[in-house]
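This briefing is meant to be read beside the sequence and the coordinates. It takes up helix ends, helix faces, a sheet and a group of aromatic side chains in turn.

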Amino acid sequence: MSNTKAEILALLKRNGAHTVGQLAEAVHLAPVTIRQHLTRLEADGLVLAGQRSNGNGRPHYEFRLSAKAHAAAFPGRSDRLVELLVREIGYLDGAALAGLSAADRTAMVVQRVAGRLADEYAPLLEGWPLQERVSFATEVMHADGGFAEWEQTDRGYEIRDFNCLFHRLLGDAPGGDSCNWHSTFLSRMLGADVSVGRCPDASPQCCRYVVAVPLEAAATR
């Protein structure tokens with residue numbers, strides 16, 4: 001990626017949405033050059049354009065980072081997850097573990113880490129449309145070592161992960177406790193009801209999550 005593109009992405013990451021004129025002034029380039037870079041960044045799925053009205057005359061276009069670009073700023077998630085898991089074990093009260101099997105203790109730690117990790121992203125996602133949240137969450141699941149994809153459905157959204165780290169860690173069947181990690185993580189991150197669904201029989205390693213659109217949002221679609 002060119003230095004100018006990287007500089008544009010850094011500006012949008014630090015300061016939020018910018019117009020072409022604001023970006024041109026910040027990086028000391030002509031607006032036509034900035035538009036060329038933005039066109040390429042849009043084609044790569046890293047930047048989104050939207051209209052902003054200033055109350056006078058024509059509305060201006062401003063550009064912001066996409067969910068894909070935001071998620072790309074969180075590389076090496078496996079290291080971060082190990083850190084959170086170790087820290088969470090230190091927080092546990094021995095009395096809370098009494099009588100639990102090894103599998104139950106592991107599931108407890110994983111669920112608590114899911115909540116903490118979702119809360120870590122909450123300030124970034126505030127005010128985002130649900131679709132952008134879904135896209136961001138899917139990119140984060142990629143960074144966790146998964147192979148995730150999402151699509152919009154008649155009832156909301158679906159996220160499918162074909163290489164879930166926690167499915168491998170907990171070692172149960174798809175739809176079991178390992179999927180509960182991501183359903184907890186996703187429901188808190190998306191601010192929507194998330195249920196674990198059955199994947200096609202041809203995809204035995206798939207974890208499928210069904211994201212319900214809130215009624216008020218569905219009414220405006």
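Just after helix α1, Gly16 adopts a positive phi of about 80°. The model discussed here is a predicted one, and a glycine with positive phi also follows helix α7, where Gly127 has a value near 85°.

**Helix α1**
- The 13 residues of α1 (residues 3-15) should span 18 Å at 1.5 Å a residue, and the 18 Å that separates its end C-alpha atoms agrees with this expectation.
- The buried residues of α1 are Thr4, Lys5, Ile8, Leu9, Leu11 and Leu12.
- Because these buried residues fall within an arc of 155° when α1 is viewed down its axis, they line one face of the helix.
- On the face turned away from that buried side, α1 carries Asn3 and Arg14, which are exposed.

**Helix α7**
- With 24 residues, α7 reaches 35 Å from its first C-alpha to its last, which is close to the 34 Å expected at 1.5 Å a residue.
- Buried positions in α7 include Val109, Val110, Val113, Leu117 and Leu125, and among them are also Ala107, Ala114, Gly115, Ala118 and the aromatic residue Tyr121.

**The open sheet**
- Four strands make up an open sheet in the order β4-β5-β7-β6, and their pairing is antiparallel.
- The edges are held by β4 (148-152) and β6 (194-197), each of which has a single partner strand, so one side of each is left without a neighbour in the sheet.
- On average, and with direction ignored, neighbouring strands of this sheet are turned by 25° against each other.

- Across the whole structure, 4 aromatic pairs are found.
- One of them joins Tyr121 and Phe185 in an edge-to-face arrangement, with 6.4 Å from centre to centre and 70° between the planes.
- Tyr121 belongs to α7 (residues 102-125) and Phe185 to helix α10 (residues 177-190), so this pair ties together parts that lie 64 residues apart in sequence.
- Tyr121 and Phe185 are both buried, and together with Trp128 and Phe136 they form one aromatic cluster.

Notes:
Residues are numbered from 1 along each chain as its sequence is written. Side-chain values use heavy atoms; hydrogens and water are left out. Helices (H or I, at least four residues) and strands (E, at least two) are DSSP runs, numbered from the N terminus. The expected span of a helix is 1.5 Å times one less than its number of residues. Buried means under 20% relative accessible area, exposed over 50%, partly exposed in between (1.4 Å probe, protein chains only). The arc is that of the directions from the helix axis to the C-beta atoms. Two strands pair if DSSP finds at least two bridges between them. Axes are lines fitted to C-alpha atoms, for helices over the stretch in contact, and angles run from 0 to 180 degrees between N-to-C directions. Rings of Phe, Tyr and Trp (its six-membered ring) pair if their centres lie within 6.5 Å; planes under 30 degrees apart count as stacked, over 60 as edge-to-face and the rest as tilted.
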